[in-house]
Amino acid sequence: MSDAAQPTAAEVRAAAEAVKAALDAHLAAVERRSGEDDPAVYQAFNELAAAAEEYDELLYDRYDEVTPFEIPDSEDSLPPYAGPEEPNALSVLIRRDYAVVEPQRLLAQAGRVADLEGEPDAEAANGAGSSVHAALGVLFGEFEPDEIASRHKEFGLEEGDSTLWVTASDDPADPGEWLEAPFEQVDPQRVVCRFDVSAVFDDDEFELDEDGSAEPDEPLEEADR
C-alpha cells in the first residue's frame, strides 16, 4: 500500500476503540441473553468480529503489525437457529478426512480381515490385500466409522480435518427418502450445533518444541452455537 493510501494513526486508534466497544457490547449481550440461540448475542458476535477485522487490517496497513486473533469468516458462520424448539427428529452429518500414508499397512489389514471372514472367493480375498480401493471397501465394510477413527493408525491412515453437524427437523424422514443425496439441501438455520476439528488453519503456523524443532500446532477443536 502506498503512503498516500495508508490509514492515519487516528484511524487506527478509532478502530481500536471500536473493538473495545464491541467487546463490551458482546459481553453485555451474553450476560442478558434469553437462551442459547439469542439473536442479540449472534449480532454482537458478528459486530465484534467485524470490528476486530477492521482493526487488524488498519494496524497492518499503518504499522505492519498484526493481532493475535483469528478473525472468523462471516460467510462460514451459521445464521441464527430457526428450527423447532422441541425437535421430533434429528440428523447427524459427519465428515472425516484421512490420508493414506501407509498403503502396505492398509493392504495387510484388509487381507487379514478377508482371511478371518473366510472369503470363499480366493480372487476377491487376494484383491483385498493388493488394491487400495478394494482394501478400503473391506475395512469400511467391516468396521464402524468410529472404530476406524479410533484405530486409523493401525490401518495406515492419517487424520485430516473433520466436522460434525447436528440438524433438527419436525418429523423423521421417510425411509430411503434422502439416500441418493444424503448431504444436499442442509438448512443452516436448522443446525443445532456443530463441532469442527482441524490440525491447523494456517500451514505456516508452527510452534517450537523445547529442543527448538518446529512442530505443527495442536489440533484445534471448535464448537459453534
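Are phenylalanine 143 and phenylalanine 155 buried or exposed?

## An aromatic pair

Phenylalanine 143 is buried, as is phenylalanine 155; buried denotes under 20% relative accessible area with a 1.4 Å probe, protein chains only. The model is predicted, with pLDDT of at least 70 required for local features and 80 or more for side-chain atom pairs, whereas totals for chains, interfaces and linings use all residues. Numbering starts from 1 along each chain as its sequence is written, and side-chain values use heavy atoms, without hydrogens and water.

One aromatic pair is found in a search of the whole structure. Phenylalanine 143 and phenylalanine 155 form this tilted pair, at 5.2 Å centre to centre and 35° between the planes (ring centres within 6.5 Å; under 30 degrees is stacked, over 60 edge-to-face, the rest tilted). Phenylalanine 143 belongs to the loop between helix H5 (132-142) and helix H6 (145-150), and phenylalanine 155 to the loop between H6 and strand S2 (157-169), so the pair ties together parts 12 residues apart in sequence. Helices (H or I, at least four residues) and strands (E, at least two) are DSSP runs, numbered from the N terminus.

## Helix H2

Helix H2 (residues 39-63) comprises 25 residues and reaches 36 Å from its first C-alpha to its last, close to the 36 Å expected at 1.5 Å a residue (1.5 Å times one less than the number of residues). Its buried residues include Val41, Leu48, Tyr55, Asp56 and Leu59. Helix H1 (9-31) is included in what covers the buried residues of H2, where contact means heavy atoms within 4.5 Å.

Definitions and conventions. Phe/Tyr/Trp six-rings, centres within 6.5 Å; stacked < 30°, edge-to-face > 60°. Buried < 20%, exposed > 50% of the residue type's maximum accessible area, 1.4 Å probe, protein only.
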